[in-house]
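Reader: I am new to reading protein models. Could you take me through this one, step by step?

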Amino acid sequence: MYKVIRLKRGKDESLKRFHPWVFSGAIAAIEESVSEGDVVRVMMHSGDFIAVGHYQEGSIAVRVLTFSDVNIDDDFWYSRLRSALQMRQAIGIADNDQNNTYRLVHGEGDHLPGLIIDVYGQTAVMQAHSIGMHLCRKAIAQALVSVMESRISNIYYKSETTLPFMTADDMSGFLVGGSDDNIATENGLKFRVDWLKGQKTGFFVDQRENRSLLEKFSKGKRVLNMFCYTGGFSFYAMRGGAELVHSVDSSAKAIELTKQNVELNFPNDPRHEAFCEDAFKYLEQAGSNYNLIILDPPAFAKHRGALHNALKGYTRLNQKAFEKIERGGILFTFSCSQVVTKDHFRNAVFTAAALAKRKVRILHQLHQPADHPINIYHPEGEYLKGLVLYVE
């Protein structure tokens, strides 16, 4: 039987509301010899059972796997992964001929906190954000093979950046199969996935629906895609009929992947140029000849202590875009910082518009797609927010 963690009196209220985290300050006692990554039973102060989860040192001490007193075994992993696949099938994302790229497991949103799985064609990329999930990776991989059947042939594990304090040699590599075929399809467009060295699992799957929306606005536009990474918004804009598309990123590797992805879909197309340049510097030097700009920066705030500076950064970035965009232009602007709320972000963009002295109307309010679900008991899972703005 699993070792026990006992809560302080009155510290079980959030768990009674099915919030999937136990904070370290709520713990009264930890049974001896509990190690990081262990599965533990969480008991109320009264001694009654309340949850089972993975233990880890730090502010979030337990990530809850289940509120039922069950074993975390092969059947558990199979059931949870099967439920995740069924949801993606129900919303038409899995088993779609035009789209073999989607998120299969989104941590707490799929009741598997600390686990991310993205599917790229025949390869699933699995990433652990907790030691417990890292220790369970082989059992999860075997359950994934059973659930996915012929949908995948390979499972690549990529956790050296999400668990950087661990030095094991097995933080990345194929757990099942092995493949050099890194071309996937999203809404009929092809792209290369750098699951070896790329950010996240190799591609930003969470912008799929927002890229599709951008395509509808792109006809005849002169497009600037800032923080382009591997060029997702760029080749959607080109399919939408953009007059020209400029992709900008400070990473030379990202720019090279962007060029490859554009070439996959639009070989020898003169409409596209890519620039390896700092975003703020590029915007400062850019002319006012763009009428569709995308701002999709990396997270400016990884924790609450960085919130103030992050909001200043979003304001500065958006102000510069407002100053540069043509009259009648459209701005797609995003924040993927979890600690930045929708209100925080909107206020930062509002401030930027006022400083730039531009009339601005909100056309769309954007968020993460359905394959990045938010557990209704875990509102912290809502991290991506965006606005589509008409700038006079």
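Author: A search of the whole structure finds 16 salt bridges; a salt bridge is a side-chain nitrogen of Lys or Arg within 4 Å of a carboxyl oxygen of Asp or Glu. The model is predicted: local features need pLDDT of at least 70, side-chain atom pairs count only at pLDDT 80 or more, and totals for chains, interfaces and linings use all residues. Residues are numbered from 1 along each chain as its sequence is written, and side-chain values use heavy atoms, with hydrogens and water left out.

Reader: Which residue forms a salt bridge with Arg 103?

Author: Side chains of opposite charge can pair when their charged atoms come close. Arg 103 lies in strand β7, and its partner sits in strand β8, so the pair ties together parts 15 residues apart in sequence. Strands (E, at least two residues) and helices (H or I, at least four) are DSSP runs, numbered from the N terminus. The closest N and O atoms are 2.6 Å apart, and the partner is Asp 118.

Reader: Is Asp 118 buried or exposed?

Author: Buried means under 20% relative accessible area, exposed over 50%, partly exposed in between (1.4 Å probe, protein chains only). Arg 103, at 10%, is buried. Asp 118 has a relative accessible area of 0%, so the word is buried.

Reader: Which residue forms a salt bridge with Asp 371?

Author: Asp 371 lies in the loop between β19 and β20, and the partner in helix α5 (residues 208–217), so parts 163 residues apart in sequence are tied together. Asp 371 is buried at 0% relative accessibility. The closest N and O atoms are 3.0 Å apart, and the partner is Arg 208.

Reader: In what order do the 6 strands of the open sheet stand?

Author: Strands of a sheet pair through backbone hydrogen bonds, either parallel or antiparallel. Two strands count as paired if DSSP finds at least two bridges between them. In this sheet the pairing is mixed, and the order is β2-β6-β5-β4-β1-β3.

Reader: Which strands stand at the edges of this sheet?

Author: Each edge strand has a single partner strand, so one side of each is left without a neighbour in the sheet. The two are β2 (21–23) and β3 (27–30).

Reader: Where is His 378, and which residues does His 378 touch?

Author: His 378 is found in the loop between β19 (360–367) and β20 (385–391). His 378 counts as buried, because its relative accessibility is 2%. Contact means heavy atoms within 4.5 Å. Not counting residues up to four places away in sequence, His 378 touches His 19, Pro 20, Trp 21 and Glu 108.
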